[in-house]
Amino acid sequence: MKVRIKIILCLLLAVFAAASLGAVLAGLGLWPEEDVSASAEQGYLLREWEGCVGVFCPPDAASPVMVTDIQVRGLPISDRLSLAGGVGAEDYGGVIQLLEDFGS
């Protein structure tokens with residue numbers, strides 16, 4: 001009976017560790033989230049670039065068309081997670097609005 005409980009607890013711990021690793025990799029931008037593919041249909045994509053917020057156009061571009069001075073590490077965790085997955089904007093006005101939101 002005790003062995004069965006230990007096995008179940010070890011399996012739960014392994015699942016939790018795998019989920020945590022996935023979240024960390026996504027937060028570092030090493031494991032793109034599904035939001036990136038959903039945003040690819042839009043005109044612009046904001047995501048982290050060398051520690052700052054970068055603007056990519058087209059969304060799947062290898063390098064940004066603009067890099068802001070907004071430091072990602074200073075943003076709330078919810079914004080950092082959003083940027084890790086990519087935040088889409090249909091037009092330049094949407095990009096400006098998002099940057100104002102991140103900058104405030």
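What share of the contacts in the protein with a separation of 6 or more comes from residues 24 or more positions apart? Such residues account for 40% of these contacts, a contact being heavy atoms within 4.5 Å. The model is predicted, so local features need pLDDT of at least 70 and side-chain atom pairs count only at pLDDT 80 or more, while totals for chains, interfaces and linings use all residues. Residues are numbered from 1 along each chain as its sequence is written, and side-chain values use heavy atoms, with hydrogens and water left out.

Four helices and four strands make up the secondary structure. Both are DSSP runs numbered from the N terminus: helices are H or I with at least four residues, strands are E with at least two. Along the sequence, the pattern reads α-α-β-β-β-α-β-α.

Strand β1 spans residues 44–49. Pairing requires at least two DSSP bridges between two strands. β1 runs antiparallel to strand β4 (residues 87–89), and three bridges join them. Y44 has A89 of β4 as its bridge partner. β1 also pairs with strand β2 (residues 52–56), again in the antiparallel sense, over five bridges. Here E48 is bridged to V53 of β2. β1 and β2 form a hairpin with two residues between the strands. In this hairpin, E50 adopts a positive phi near 50°.

The protein has 104 residues, of which 27% count as buried, meaning under 20% relative accessible area (1.4 Å probe, protein chains only). Its accessible surface comes to about 7,000 Å², by the Shrake-Rupley method with a 1.4 Å probe. Carbon and sulfur atoms contribute 63% of that surface.

Conventions. Buried means under 20% relative accessible area, exposed over 50%, partly exposed in between (1.4 Å probe, protein chains only).
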